[in-house]
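Hello,

Below is the structure I am handing over to you. My notes on what was found follow it.

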Amino acid sequence: MSEHLVTEISRSLVPEQFEDRHQQKESSTLGMWTFLATEILFFGVLFASYTIYRHQWPDAFRRGSLDLKWYLGGLNTAVLLLSSFCMAMAVHAAALGNSGKIIRYLALTILIGGLFLAIKGTEYYIEFREHLVPGPNFRIDPPAEEQTGVVVGAFDKFEKWFHSSVLHDEDRYEHERHLPRPGNEELFMLFYFIMTAIHATHMIIGIGVMIVLIVMAKRGAFSAKYHNPVEMFGLYWHFVDIVWVFLFPALYLLRQP
Amino acid sequence: MTAVTYIPDYAPPETYLNASHTIRSWLLTKDHKRIGILYMISITIMFMVAAGAAALIRINLLSPTGLLPQPLDYNKAFTVHGVLMVWWFLVPSVPTVLGNFLIPLMIGARDLAFPRLNLASWYLFVASAILVLGVVLFGGVDTGWTFYSPYSSLFSNTHVTLTIVAIFINGFSSILTGLNFIVTIHKMRAPGMTWFRMPLFCWSMYATSVIFVLATPVLAITLVLLAIERLLRIGIFDAALGGDPVLFQHLFWFYSHPVVYIQILPTFGVASEVVTCFARKRPFGYAAIAFSSLAIALIGFLVWAHHMFDAGISPYSGIVFSFLSFAVAVPTAIKIFSWTFTLHKGSIALETPMLYILGFMGLFTIGGLTGVMLATLGLDMHMHDTYFVVAHFHYVMVGGAVMGYMAGIHFWWPKMTGKMFNEFWGKIAAAITFIGFNLTFFPQYVMGYLGMPRRYYSYPPEFQVYHVLSTAGASILAFGYLLPLVYLLWSLKYGRDAGPNPYRSMSLEWQTESPPPTENFEHTPIISEPPYAYDLQLPMGSSAAMKLVEA
């Protein structure tokens, strides 16, 4: 009799299709991992196509890498890893049932994620001014410095200073900068924009979900016993982070012959 | 005057159908059974539109010069037929209707793991269906269902982008359904329902779901790339920019060959249920049937380039893909042999679902064996893009998948509605479908072998006799499909009550009421026997397969 009562109580705490919280949690975990498997295939096509084309046009793709701001990409890698750390802390706070901390860490994750998107946007702006966006605007000859505007000029000055004072390879830098762009570089830039844009879309969706999670936490939806949504979202956010960890070297760092 | 009130001496049992009656309660339902019914209605509508396009194709080909006003109209007809049949009927057919309805019942669960996600899948499906019907209404699309670049991206002037968006949304509906099934089968089984006590239908749905989840995203992102190429006029697959049109074909078939198994594996599941029930025997080789489903799903991912033997791929990879395509015939043959041995010395009852399945076994075997012919590298060079290929995949898709769907609908109709359909008309419809189907598609084998290419608006007059035979068969086939629509709907009002288990099946889904109550089982069932224990079956009605928990 009492066993039956316990079953009834544990069933009343979960959606009606589940027996208890354990089954609910296992189901959502498996569901999330299955979804991430889908995502791996989704990004996998992009990575596979990129690899095939890179193999086919090694010079054009190397020249394309040279046109990307590796230090902005590197900075963004650090930024994203930091946001993943905050996400991990939010999940930890959720396991302890501390709603205040969940909200604070999620807000911090949103903020740092926003910083990533801002830096990414700056990169897009630079590439736009340098006529690297595929389409009618794309130019085979790199534009002169005075045509690219103040913002891009500031980055150029920084790069020049960095190469002359820190790396001491300004000759090579100047040489590589003015190399003509092979026509197929447009293909590289196309993949760069598609892959980073789809990645950024995942981040924007993630930020939207985090806002919902914050509202839920404010309403007291989570406790030490039930915090599946935070934990599952954590898996998603780390996945988006890992995709970037592969994107960054593939796009920015493979630049030496 | 005193009011006379009629008080029934019993209250009808509450079922998922009469639990509530408002339209709102249907549109916001989270009950897997109701969502299954919603899917059934939606895909039936889509089937009829797609069949209408097929009718246009067959009418056009009555004359060697073509009867439709322009060749472009013909191109649109076969594209709409292919696109709608593949994504809006064949792919969702058995999984979303029967899978949704039956998986929780078969494993003793109250619902799928994520009921709200399940409803969201249906809404995504409906949104994509409305979009693609819009495409059909406002001009259509003419690229063929394969959307080969650069034709689809740089040259076609029809609604390619909108169609792609519709398929993309439809794909997410499939992915979410597959995800739901995988989690449900892993985590929601009733106590004692081990993997090897599951009905074989669940195994085939599991294999199907794996393909849903792993293949569909590949199509989704490939179509995104195609849409970008089309909208920006920048060639990702355009050779002028260094892109590779063959890469598109690789990516497309990486999805679209496994999708063939999405269409046929569920039917295998239906066949396993129907054959065991109407032969009253345990299946011959339960584990062999279960694992061959997984083997087909796995090997099915490794055979895609047999669609591209003449696309300029390396002959060495052609040899490998040809060999792997032969290999997929092995687990498929295991199934056919298993069912045949299950029938051997069984006490076979030739009821309507069984007739459909027997038809399926014959037609699918023909379709499968001609598939092995086409997988032969040298032979395929000769027969590629002829009507031989068209006949082959229609024997597999229509003779296989649609016959299986019809068998499943008839078999579980009493469970879904609580009513029996008219058995006489059911048998007539099964026979008409079988005859009409063969008359439609067997002549296509012959003319394909003689060299009639597919997708041609006009053709040399010596092929006319085959086309006329085929069109005649198609009209008989149409009758075979319309007939069930009439007598099944008729049965809803006039059919006799089915009772919980009219076919005396041993599967768990038959051990509850027909139609089932909203919560499926009064008490969570505890399973203590392997499935299909027909040799242990006691006379009429009782079942040794299931014992109920005493509360």
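**Salt bridges and the interface**

A:Glu26 and B:Lys187 form a salt bridge, their closest N and O atoms being 3.2 Å apart (a salt bridge is a side-chain nitrogen of Lys or Arg within 4 Å of a carboxyl oxygen of Asp or Glu). The rule finds two salt bridges across the interface of chain A and chain B. Helix H2 (21-56) and helix H8 (185-218) of chain A each supply at least two residues of the side that touches chain B; helices are DSSP runs of H or I, at least four residues, numbered from the N terminus. H2(A) gives the largest share of that side, 18 residues.

In total, 34 residues of chain A are in contact with 35 residues of chain B, contact meaning heavy atoms within 4.5 Å.

This is a predicted model, in which local features need pLDDT of at least 70, side-chain atom pairs count only at pLDDT 80 or more, and totals for chains, interfaces and linings use all residues. Residues are numbered from 1 along each chain as its sequence is written, chains are lettered from A and ligands numbered from 1 in the order written, and side-chain values use heavy atoms, without hydrogens and water.

Over all chains there are twelve salt bridges. One of them joins A:Lys69 and A:Glu159 (2.9 Å, N to O). A:Lys69 lies in the loop between helix H3 (58-66) and helix H4 (70-96) of chain A, and A:Glu159 in helix H6 (residues 150-167) of chain A, so the pair ties together parts 90 residues apart in sequence. Both A:Lys69 and A:Glu159 are buried, that is, under 20% relative accessible area (1.4 Å probe, protein chains only).

Regards

Technical notes:
Buried < 20%, exposed > 50% of the residue type's maximum accessible area, 1.4 Å probe, protein only.
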